[in-house]
Amino acid sequence: MSPFFIKALQLILSLSILIVLHEMGHFIPAKLFKTRVEKFFLFFDVKFALFKKKIGETVYGLGWLPLGGYVKISGMIDESMDKEQMAKPPQEWEFRSKPAWQRLIIMIGGVTVNIILGFLIYMMVLFVWGSQELSNDDVQGGLSVSENVKEYGFRDGDLITKIDDEELDNILSMNGGLKINRYLMMRDIKTVEVLHSDGSKETIEIPEDIDTKLFKAGDMNPFAFEADPLLSVIAEGSNAEKAGLKVGDRILAVNGDALGSWQDFDTYKKENLDKELILTVETENNERKEVVVTADSTGMVGMSVNPYNRISPREREYSLGESLTKGFDYAYWTLHDYVAQFKFVFTKEGATQVGGFGAIGNMFAPIWDWHSFWMQTALLSIILAFMNILPIPALDGGHVMFLLYEIITGRKPNDKFMEYAQMVGFFILIGLVLFANGNDVYRWLFD
């Protein structure tokens, strides 16, 4: 099975789990408060459903349009825009007849489930798979440093020893990336202590706007491990594949210049955009050959390496208690970091990076890996919770906003206002979906 279909299957399974559990978060409190739920659907059943069955007062079904799911609660102004029902006198089983506090609990149920689910999955992942740890003693030659942070005093070969006076026993985050990159982009840090390759230590002051500068430069990972230029991924249809490069090939030189690491090649190709590069390659059979490949206008060739192929992280196992506390801590900071980076969406650079289902699908591994699958599902659950609580009409957060207004003021917005707000929110969401997926299409066509 091709990597595309493996990613697609993981995406569908992940979203199905998250959507069903999210809607259960609305369904269960609605039933507890004796509110009638007319429909419970995974995916949207526009015009027709792939499957549906009525059990009791609720129709359960599977729609054909995989853009989400929904529960239709009687007496509620939602995306169904059922004006006929709303024109009738309120019934005791309807949403609009319930006290505001009950309606609020029903509306925040989905977000609550997604938050709890994200936290629980991270705890489970740590308990089942543990995590990888790496100390500075395990990193020979130090880290590779991008030009964008060298101006602050960082140098190639540096090791990060402290962040805001906190010792780093493990320089890796739970997702395998370097902690320093996540801290620079998403945390409000003041100082970083480094051990330079000459043995000297230096405490570097971090400017407040470093995250914005790095984001605008497209340099979200300014620190990296020196990696062996041994190819581990060749993208289908890429310049690398067309040139005949294969997984397992090792790049020895570019245009006659010997390579010491993958970072050397990365720098070389960025300095030679839209130019042919003559690569001296050693195959898995120890044969040498020359290959001509072109880096496009963005420096992409369509090949990559395992960034950790020169290091050996240690496996760390956790007891049940340790996995609960460590998983909670990681989930909290994952939510914090996602909210922190949301500000970049409102920049010119950030808008072009917004992605739809294609970008989400690419988060998953090209092979079926349960550890990776659950890590991405936990992240998506937290993202779904945050996006749904935004105060946009048609989202749960929009309903919560109006309910809080009602609780505080004692006045309920009239139905006509709610209908118009729902329509505006719906068109905003449709616009965002089209924009995000349009970005995916643009990248697929031109990147």
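This is a predicted model: local features need pLDDT of at least 70, side-chain atom pairs count only at pLDDT 80 or more; totals for chains, interfaces and linings use all residues.
Phe-342 belongs to the loop between helix 9 and helix 10 (348-353), whereas Phe-386 lies in helix 12 (residues 370-388), so the pair ties together parts that are 44 residues apart in sequence.

The count of aromatic pairs comes to 21. One of them joins Trp-262 and Phe-265 in a tilted arrangement, at 5.1 Å centre to centre and with 40° between the planes; these two residues are both in helix 8 (residues 262-270), where 3 residues, about one turn of the helix, separate them, and both are buried. A single aromatic cluster is formed by Phe-364, Trp-368, Trp-370, Phe-373 and Trp-374.

The second largest pocket has a volume of about 620 Å³. Its lining comprises 29 residues, of which Leu-172, Lys-179, Tyr-183, Lys-326 and Asp-329 are the closest to the centre. Strand 3 (131-133), strand 6 (166-167), helix 5 (179-186) and helix 9 (320-341) each give two or more residues to this lining, and helix 9 gives the most, with 7 residues. By residue class, the lining divides into 13 charged, 10 nonpolar and 6 polar residues.

Tyr-183, one of the residues closest to the pocket centre, also carries the charged end of Arg-187 over its ring, 4.6 Å from the ring centre. Elsewhere, Arg-36 lies over the face of Trp-93, at 4.2 Å from the ring centre.

Note on methods
Residues are numbered from 1 along each chain as its sequence is written. Side-chain values use heavy atoms; hydrogens and water are left out. On a 1 Å grid over the protein atoms alone, a cavity is a set of points where a 1.4 Å probe fits but cannot get out, and a pocket is an open set with protein on both sides within 12 Å along at least five of seven lines; lining residues have an atom within 4 Å of a point. Grid points are joined across faces, edges and corners, and a volume is the space filled by probe spheres set on the points. Helices (H or I, at least four residues) and strands (E, at least two) are DSSP runs, numbered from the N terminus. Ala, Val, Leu, Ile, Met, Phe, Trp, Tyr, Cys and Pro count as nonpolar, Asp, Glu, Lys and Arg as charged, and the others, Gly among them, as polar. Rings of Phe, Tyr and Trp (its six-membered ring) pair if their centres lie within 6.5 Å; planes under 30 degrees apart count as stacked, over 60 as edge-to-face and the rest as tilted. Buried means under 20% relative accessible area, exposed over 50%, partly exposed in between (1.4 Å probe, protein chains only). A charge sits over a ring if NZ of Lys or CZ of Arg is within 6 Å of the ring centre and within 35 degrees of the ring normal.
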